[in-house]
Structures are given as structure tokens and as C-alpha cells.
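Hi,

Here is the structure I promised to pass on.

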Amino acid sequence: EGETHMEIADCMPVIVEALNRSSLEHADKLIWALDAVLEDQYELCEAFAEYLHRDHPATVWCTVADRLLSRLKSFKPTKGMDEFSRNYERERLSDWTIHALERASRKDEVIPLCEAEAKRTGSYLRLVDRLMAARRYQDAERWILTGIQNTKGKWSGSANRLRDKLMEIRIKERNWSAVAAIQPDQFVRYPSRKAFSDCKKTSGR
């Protein structure tokens, strides 16, 4: 009933500190911790994820980022996985690659990586979030439309979240006529009292 799981997880901080004090090179320590997180199927290694979010030198993260980029280039999914699982496995690796690039002060490489990965795994939402944070709204809209077109048949949830992002952009632009055109479509897809109220509110602007 979970007791063993909790007892194992409680031991992990001790292993993290042993890793931190080991004779491994600093970059090797981070890679070791990262592999523990990536291979963890039972949420036992949260302590290692916390270790990866500690302060480590940018030069060390730079080495880690290069290694992870190399892994992405030669990535081979676990045998027997379906498409969704393969994409998820690769996305976890690319998420940590992005983390390493940011900690290495190589943020200019993040969006190009997200663009490349969106084409491979359909991770459009992550890319759109990055573009919107950078206020690159035209690029974000372009990728939203591409993402909706490519995911609406397979992953309707992803397509709907992308439509929500398009709504956010239109609201930021204060383009209420466009918002009023989008909201009825959203209401038809997911009818609710709130969605109906939002449609009335926007149409009255």
C-alpha cells in the first residue's frame, strides 16, 4: 500500500549526498543523477531531480548540455513502445536538455531546439509557450496553426490546448472580434456555463 515505496524514496537523499561527495567529475555527477531520474518509473528519484535544480557552475552545465544534445542526435527509443510513449521518452530527455542549456547561459539555443523537437515529437505546446514568453507572437501563432493541423486527428487534447494559446494571443492583442469568433467554437467543443458566459461577455465588448 505504498509503504515500501515511501521507505525507498526516503533513502534517496542519502544517496544524493553520497553522489555529491564522490570523486566523480562534476558533470558526471549531474549526468548520473539525470539518468536516475530518466530511468525512474515509480517516482522514487525526486531527490535527484532536486539535486539537478541546485546551483551548479554554468561551465559544468555547458558540458552536460553538450552531452545531452549528443544523446538527442543518436536517440533510440525503448523497444516495444507505441508512438505516444516514444515521444514522451524523447520529450523528457529534451526537457532536461533545455534545463541544461538555460543553466549554461545558452538560452539562444532553446527555441531552435524546441522547433526541431516539435517536428519530431509534436511538442508544439512547449514551443508555443517559449515563443510567447519571448513575445514572438507571430511565430507562436504560426506554430499553433501547424500544431492544430498536425495533432487534431491524433491528440485532440493537444490541439485544444493550442487553441487556448491562440485565444491568449488574441486577448493580449485586445482583438475582441477574433476572440468572439474563437469562443463559440470552444463552447461547441466543450460546452459549459462558464464558456457560455465568456462568449456573452466578449460579444458585448
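The largest cavity is lined by Leu 30, Leu 34, Leu 52, Trp 61, Val 64, Leu 68 and Trp 96. On a 1 Å grid over the protein atoms alone, a cavity is a set of points where a 1.4 Å probe fits but cannot get out, and lining residues have an atom within 4 Å of a point. Helix 2 (26–39) and helix 4 (58–73) each give two or more residues to that lining, and helix 4 gives the most, with three. Helices here are DSSP runs (H or I, at least four residues), numbered from the N terminus. The cavity holds about 30 Å³, counted as the space filled by probe spheres set on the points, which are joined across faces, edges and corners.

Keep in mind that this is a predicted model: local features need pLDDT of at least 70, side-chain atom pairs count only at pLDDT 80 or more, and totals for chains, interfaces and linings use all residues. Residues are numbered from 1 along each chain as its sequence is written, and side-chain values use heavy atoms, with hydrogens and water left out.

Then there's Arg 163, in helix 9 (residues 156–172). Arg 163 is buried but has no salt bridge, and Asp 185, the nearest side chain of opposite charge, is 4.2 Å away. Buried means under 20% relative accessible area (1.4 Å probe, protein chains only). A salt bridge needs a side-chain nitrogen of Lys or Arg within 4 Å of a carboxyl oxygen of Asp or Glu; Lys and Arg count as positive, Asp and Glu as negative, and His and the chain ends are not counted.

Cheers

Methods. 1 Å grid on protein atoms, 1.4 Å probe; cavity = no way out; pocket = protein on both sides within 12 Å on 5 of 7 lines; lining within 4 Å. Buried < 20%, exposed > 50% of the residue type's maximum accessible area, 1.4 Å probe, protein only.
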